[in-house]
Amino acid sequence: MISPLHSPAADRNKAPILEPLRRVLPASGLALEVASGSGQHVAHFAAALPGWTWQPSDGDARSSASIDAWCSGLTNVRPALRLDVLDEASVAALAVALREPVDALYCANMLHISPWATCAALMQLAARHLAPQGQLVLYGPYLEADVPTSPGNLAFDADLRARDAAWGIRPLADVLVQAARVGLHLRERVAMPANNLLLVLARDACPPMAGPLSP
Ligand SMILES: C[S@@+](CC[C@H](N)C(=O)[O-])C[C@H]1O[C@@H](n2cnc3c(N)ncnc32)[C@H](O)[C@@H]1O
């Protein structure tokens, strides 16, 4: 038996994240988690929201055993999948594994610790798999034009970029441009502890046009 991964940050933020989830999610549904990491979030949410079935996943194959260990004994969590949003084969395998649209897609703390291309890939995934009334819930730090960036997030951003030039805290406006390209818009922005945001996105009433109108 392996010892599951442990994230002190996930221990701290799982309860504050659950609060808005309880409010924005309906009583039951199927949720896909992208970038589950250790699995602490999905274990906490699945135990607290028994009407929901969770499908955890992560791009790093080493996460699967940890997620499954954190979720052992929870009957509403499916075995973790390896899902790298940038890898066509694992994205295709997800469609086979899911079998049905999801009512929520939850992704925390991935966009700043992965290349920017993961944002468009995540949005494509949401557009493909969300049910018509489904919601995309994002959690993490973001840069906002009209909100001064906290010293803590500035230092975090510098640290991320020093570790990998492709990483960094993303401007919320850029994330919303990627969302709009697949017909998703921001429904709610919730300020969270430690200068994080919880963002709820939903499908536009009218999907975006596929291309320019012919003359
Ligand atoms: C900081 S951890 C966040 C884990 C968890 N969501 C949390 O908030 O505690 C970032 C996670 O993103 C995953 N990740 C990075 N790039 C990814 C990709 N292209 N597709 C799926 N997961 C990815 C990593 O494997 C890692 O588990």
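A crossing of two helices is called right-handed if the near helix is turned clockwise from the far one by less than a right angle. In the predicted model, the crossing of α1 and α2 is of this right-handed kind. Helix α1 spans residues 8–24 and helix α2 residues 40–48; the two pack at an angle of about 40°, and their axes lie 9 Å apart. The arrangement of α1 and α2 is therefore oblique. On the α1 side, the contact is formed by Ala-10, Asp-11, Lys-14, Ile-17, Leu-18 and Leu-21. Helix α2 contributes Gln-40, His-41, His-44, Phe-45 and Ala-48. Sorted by class, the residues in the contact of α1 with α2 comprise six nonpolar, three polar and two charged.

A further helix pair is formed by α5 (residues 117–129) and α7 (residues 172–181), which pack at an angle of about 35° with 9 Å between their axes. The crossing of α5 and α7 is right-handed. Cys-119, Ala-120 and Met-123 of α5 make the contact with Val-175, Gln-178, Ala-179 and Arg-181 of α7. Five nonpolar residues, one polar residue and one charged residue make up the contact of α5 with α7.

The surroundings of the ligand were also examined. The ligand is surrounded by 21 residues, of which Ala-35, Gly-37, Gly-59, Asn-109 and Ser-114 are the closest. By class, the shell around the ligand consists of nine nonpolar, nine polar and three charged residues.

Notes. Residues are numbered from 1 along each chain as its sequence is written. This is a predicted model: local features need pLDDT of at least 70, side-chain atom pairs count only at pLDDT 80 or more; totals for chains, interfaces and linings use all residues. Axes are lines fitted to C-alpha atoms, for helices over the stretch in contact, and angles run from 0 to 180 degrees between N-to-C directions. Helices (H or I, at least four residues) and strands (E, at least two) are DSSP runs, numbered from the N terminus. Angles under 35 degrees count as roughly parallel, over 145 as roughly antiparallel, 65 to 115 as roughly perpendicular and the rest as oblique. Two residues are in contact if their C-beta atoms, placed from the backbone, lie within 7 Å. Ala, Val, Leu, Ile, Met, Phe, Trp, Tyr, Cys and Pro count as nonpolar, Asp, Glu, Lys and Arg as charged, and the others, Gly among them, as polar. A residue is near a molecule or strand if its C-beta atom, placed from the backbone, lies within 6 Å of it.
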